Amino acid sequence: MITVSTDGSCLRNPGGAIGWAWVNHDGTSASGGARSGTNQVAELMAVLEAVLAHPGDEPLRVVADSQYAIKCASEWLPGWKRKGWRTAGGGPVQNLGLVQAIDRAITDRTGPVTFGWVRGHTGDRFNERADELAGVAARAAREGTLPAGTMRATPVLEPVGAAPARRTRAATATGTRTRAATTRTPAATAPGAPAASPAAPSATAPSATERPEPDVLF
């Protein structure tokens, strides 16, 4: 199984520069950002980029400290899709373009995708590294120094009430996608990165008592 930790960062919520990052537990990683967004957009971008960057048959587990992102990609998504991309209360799904892009990425992937939650800022080295990289990317986006190919546009959303069109992965973002450069340096030798462990930490699923799906979240 491939295990990847994700995180997002927003320097001023809402509207500030954002950064996203994923860290594979084998030590590889990637990050990028945009000049403006929200915390939730950054978290969803991290999940989307993690799935897109790991195609193939091998099972993929995405671990994040955002229960909103995890639930959007797993628990809430099927119901929203059945209801024509409406929430249980009948309202529009927030960040719909990203949610639909994640849905397509999961559907188009040959191997299964599962999700897990980890509490943030509690010493999980992969979560901490993803948090660090997302923050660096957000600051670079604000300063206009992001490397070429790592600036992202929000994916185009499908019309609400209509079945989402099946698209190839290349069409999940506005314009032509350019794959973010993936760092292939093991975490043990990357500056400031901890040693990679062959055993991935287990992720704890969000509590069943968490609040129901939101109509609006920033």
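Student: Does E43 count as buried or exposed, and at what relative accessibility?

Tutor: Bear in mind that this is a predicted model. E43 has a relative accessibility of 10%. The cut-off for buried is under 20%, so E43 counts as buried.

Now place the residue. E43 sits in helix α1, which covers residues 39-52. Leave aside residues up to four places away in sequence, and E43 touches D7, G8, D65, S66 and A69.

Of the 14 residues of α1, 13 are buried, so the helix is largely enclosed by the rest of the structure. At 1.5 Å a residue, the 14 residues of α1 should span 20 Å. An α-helix has 3.6 residues a turn, so residues three or four places apart point the same way.

Next, the strands. Strand β3 takes in residues 29-34 and is mostly covered, with 5 of its 6 residues buried. Strand β2, residues 18-24, runs antiparallel to β3, and 6 bridges join the two. Within this pairing, A21 has S31 in β3 as its bridge partner. The hairpin of β2 and β3 has 4 residues between the strands. In that hairpin, G27 takes a positive phi near 110°.

Then the aromatic rings. The structure holds 2 aromatic pairs. W76 and W80 form a tilted one, at 5.8 Å centre to centre with 40° between the planes. W76 counts as buried at 7% relative accessibility, and W80 counts as buried at 2%. Ring pairs also bring in Y68, linking Y68, W76 and W80 into a cluster.

Last, the cysteines. C10 counts as buried at 14% relative accessibility. C72 is buried as well, with a relative accessible area of 1%. A search of the whole structure finds 0 disulfides.

Back to your starting point. E43 is a buried residue at 10% relative accessibility, in a helix with 13 of its 14 residues buried. Its contacts include D7 and D65.

Technical notes. Residues are numbered from 1 along each chain as its sequence is written. This is a predicted model: local features need pLDDT of at least 70, side-chain atom pairs count only at pLDDT 80 or more; totals for chains, interfaces and linings use all residues. Side-chain values use heavy atoms; hydrogens and water are left out. Buried means under 20% relative accessible area, exposed over 50%, partly exposed in between (1.4 Å probe, protein chains only). Contact means heavy atoms within 4.5 Å. The expected span of a helix is 1.5 Å times one less than its number of residues. Two strands pair if DSSP finds at least two bridges between them. Rings of Phe, Tyr and Trp (its six-membered ring) pair if their centres lie within 6.5 Å; planes under 30 degrees apart count as stacked, over 60 as edge-to-face and the rest as tilted. A disulfide is a pair of cysteine sulfur atoms within 2.5 Å.
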